[in-house]
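Dear colleague,

Please find the structure below, handed over for your records.

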Amino acid sequence: MTDIDTPSRPTIWTNATLLAPAGVAAPAPGRGALVAEAGRIVALGDTADLPATLLARAEVVDCGGRLVTPGLIDCHTHLVHAGDRADEFERRLAGASYAEIAAAGGGIMASVRAVRAADEDALVAAALPRLDRLAADGVTTVEMKSGYGLDLDAELRMLAAARRLGRERPVRVVTSFLGAHAVPAERRDDRAAYVRDVVERMLPAVAAAGLADAVDAFLETVAFDEAEVRAVFDAARRLGLPVKLHADQLSDGGGAALAAAYGALSADHLEYTGEAGAAAMAKAGTVAVLLPGAYYLLRETRRPPVEAFRRHGVPMAVATDCNPGTSPLTSLLFAMNMAATLFGLTVAECLDGVTTAAARALGLSAEIGALEPGKRADLAIWNATRPAELVYHLGADLLHSRVFGGRADRP
Ligand code: NIG
Ligand code: FE
């Protein structure tokens, strides 16, 4: 039977504390109702006002007063990778710097060696527990980058593994091609040729295979310069792919302004971004993706310019940046806590950062990220009644259940 033959039966979540989009009045706490049909939200209101005829034909889920938010969105991860870099962490604790370790052949290249040695099955198997851990925090959409392959085959394999993860679990996977993450060791004597390869061969092949939803790059003294990033972004533009940028993480390289100049969906990290960069992002509608896990693990002291983002009206997202080098973090709730305690975000900003702003950072505002009629019924139902509880706990298991496209599951 096809969907057309099957009249879909609505599902209603009743007695909920609904997190309404900014500026929209929510029903009284513990009294909200959310109606979904065919995987989409169709109505929100007060449980007491539900028509008896609708209740009679619907499946009813009593939330018992629980907080219901949109399914959370982790909009920046390197979830697909192999191996770990605990040894480098230990060396950093003993005084070595991230740049020194990278110069000695560790850092990103250590993960590249591990990924090149792994087949697609091994990449999927390594990433699945991380994905399950994110889902256990109510995450229903995860962005995943390539960038630890740095040759065509390994980059394609990473992205294919990401797509497969989205088929193996009830979660939406959004991919970004990050061929411009680092110049691989074997090509350091001709970096221009590597960039040409990314632009002329890797990116078109990845796009033709339908494996990239966006194109990312790492603008940094230890990675790529502005001209190189421009070449990659120009190629993305020719292929009709949106761009995003690892920008101003370790130094102010003008990354925020460069991302804005290309109308990037997001600029990410941004610890060293200045006032002009924030203003340019506001004008371009580029989202600031804050990654407190990397800030914390690298013991960075310079904080992203949150005040300037507020003043200019730059939407702020919060993500795990889950990666083996600088942020081995698989809890988006913990990232929210760090965004609050380390960067000074409010509870409302943290919630917005993993829902509405994160959806925008992926170009998916029309689809996900808010409890609104027309959006997909991706929900997180919490053993909590106030949004502050999601930000306040350190490593608690707060999720009651998750709903993906109208279907409930418990990860
Ligand atoms: O987002 N900034 C660049 N890329 C990753 C870390 C890369 C690594 O060390 O593996 C990040 O922090
Ligand atoms: Fe990253």
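Helices α6 and α7 pack at an angle of about 30°, with their axes 10 Å apart. Angles under 35 degrees count as roughly parallel, and α6 and α7 are therefore roughly parallel to each other. Please bear in mind throughout that this is a predicted model. The crossing of these two helices, α6 and α7, is right-handed. On the α6 side the contact involves L152, E155, L156 and L159, which meet R201, M202, A205 and V206 of α7. By class, this contact of α6 with α7 comprises 6 nonpolar residues, 2 charged residues and no polar ones.

Helix α5, which covers residues 120-135, and helix α6, which covers residues 152-168, have axes 9 Å apart and pack at an angle of about 50°. The two helices α5 and α6 are therefore oblique to each other. Their crossing, that of α5 and α6, is right-handed. From α5, the residues E120, L123, V124, A127, L128 and L131 take part, and they meet R157, M158, A160, A161, R164, L165 and E168 from α6. The contact of α5 with α6 contains 9 nonpolar and 4 charged residues, with no polar residue.

Helix α7, in turn, has a further partner. The axis of α7 (residues 191-208) comes within 9 Å of the axis of α8 (residues 226-238), and the two cross at roughly 10°. This angle makes α7 roughly parallel to α8. The crossing of α7 and α8 is right-handed. Helix α7 contributes V195, V198, V199 and L203 to the contact, while α8 contributes E228, A231, V232, A235 and A236. In the contact of α7 with α8, 8 residues are nonpolar, 1 is charged and none is polar.

I turn next to the ligand. Which residues come nearest to ligand 1? Of the 13 residues around ligand 1, those that come nearest are I108, H246, A294, G325 and T326. The shell around ligand 1 consists of 4 nonpolar, 8 polar and 1 charged residues.

Two groups of positions taken from the database record may also be of use to you. In an unreviewed entry, UniProt lists H76, H78, H246 and D321 under "binding site". These positions are spread over 246 residues of sequence, yet they cluster in space, with a largest C-alpha distance of 12.2 Å. One of them, H78, is found in the loop between β6 (72-74) and α2 (86-93). H246 is listed in the record and is also among the residues that come nearest to ligand 1.

N323 lies in the loop between β13 (316-318) and α13 (332-343).

Yours sincerely

Conventions:
Residues are numbered from 1 along each chain as its sequence is written. Chains are lettered from A and ligands numbered from 1 in the order in which they are written. This is a predicted model: local features need pLDDT of at least 70, side-chain atom pairs count only at pLDDT 80 or more; totals for chains, interfaces and linings use all residues. Axes are lines fitted to C-alpha atoms, for helices over the stretch in contact, and angles run from 0 to 180 degrees between N-to-C directions. Helices (H or I, at least four residues) and strands (E, at least two) are DSSP runs, numbered from the N terminus. Angles under 35 degrees count as roughly parallel, over 145 as roughly antiparallel, 65 to 115 as roughly perpendicular and the rest as oblique. A crossing is left-handed if the near helix is turned anticlockwise from the far one by less than a right angle, and right-handed if clockwise. Two residues are in contact if their C-beta atoms, placed from the backbone, lie within 7 Å. Ala, Val, Leu, Ile, Met, Phe, Trp, Tyr, Cys and Pro count as nonpolar, Asp, Glu, Lys and Arg as charged, and the others, Gly among them, as polar. A residue is near a molecule or strand if its C-beta atom, placed from the backbone, lies within 6 Å of it. UniProt positions are given in the numbering used here, feature names are shortened, and annotations may be inferred rather than shown by experiment.
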